[in-house]
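Here are some notes for a colleague who is opening this model for the first time. Please keep the sequence and the structure in view while reading the points.

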Amino acid sequence: MEEGIPTIVWMTPILLFINDTEENMSAILEACGQAKVYGIINFGIGLTLRDGDRQFFYRKLDQHFPEMKKRYIKTYGEAYELPVPKEKELMVLVRQMCTAFRIEWRSQYLFDYMHQFEDKLSL
């Protein structure tokens, strides 16, 4: 922010039953507002688990949140997309807070904005 570098935050993953609370989402969004980020990309609230990633993630759940893997499997089985149960309500919160902080949240506007910088990037 101090250097004038425009920033877009990709707000993912949100871990179901762990950090998918209104309080957590509000804290993330407030920090983004204070940092004056330009936008927040969000294609839904939750996470995706590809084969391989799923096994690694479940090992980490067992390590840090015993019994949580059982809850994930019971709720989502082998699904690739794992939306949080309160996704609709949390998306309303995201839109409201982004609007209040003047943070762009609409994907198409964010991608249009990023394309302005293509010629200036070198990877």
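**Notes on the model**

1. Leaving aside neighbours within four places in sequence, Ala79 is in contact with Leu49 and Arg54, where contact means heavy atoms within 4.5 Å. The C-alpha atoms of Ala79 and Leu49 are separated by 7.5 Å, although these residues are 30 residues apart along the chain. Ala79 lies in the loop between helix 3 and strand 4 (81-83), and, because its relative accessibility is 26%, Ala79 counts as partly exposed (buried means under 20% relative accessible area, exposed over 50%, and partly exposed in between, with a 1.4 Å probe and protein chains only).

2. This is a predicted model, in which local features need pLDDT of at least 70 and side-chain atom pairs count only at pLDDT 80 or more, while totals for chains, interfaces and linings use all residues. Residues are numbered from 1 along each chain as its sequence is written, and side-chain values use heavy atoms, with hydrogens and water left out.

3. The protein contains five helices and four strands, which run from the N terminus in the order β-α-β-β-α-α-β-α-α; helices (H or I, at least four residues) and strands (E, at least two) are DSSP runs, numbered from the N terminus. Of the 123 residues in the protein, 31% are buried, and the C-alpha trace spans about 45 × 35 × 25 Å along its principal axes. Among contacts with a separation of 6 or more, 78% are between residues 24 or more positions apart.

4. How do helix 1 and helix 4 pack, and at what angle? Helix 1 (residues 22-34) and helix 4 (residues 87-101) pack at about 25 degrees, with their axes 10 Å apart, the axes being lines fitted to C-alpha atoms over the stretch in contact and the angles running from 0 to 180 degrees between N-to-C directions. Helix 1 is therefore roughly parallel to helix 4, a label given to angles under 35 degrees. In helix 1, Glu22, Met25, Ser26, Leu29, Glu30 and Gly33 meet Leu90, Leu93, Val94, Met97, Cys98 and Phe101 in helix 4.

5. The largest nonpolar core has 27 residues, and those with the most contacts inside it are Leu16, Met25, Ile40, Ile45 and Tyr72; such a core is a set of buried Ala, Val, Leu, Ile, Met, Phe, Trp, Tyr and Cys residues joined through side-chain atoms within 4.5 Å. The largest share of this core, six residues, comes from helix 4. Leaving aside neighbours within four places in sequence, Leu16 is in contact with residues including Leu47, Tyr72 and Leu82.

Technical notes:
Parallel < 35°, antiparallel > 145°, perpendicular 65-115°, else oblique.
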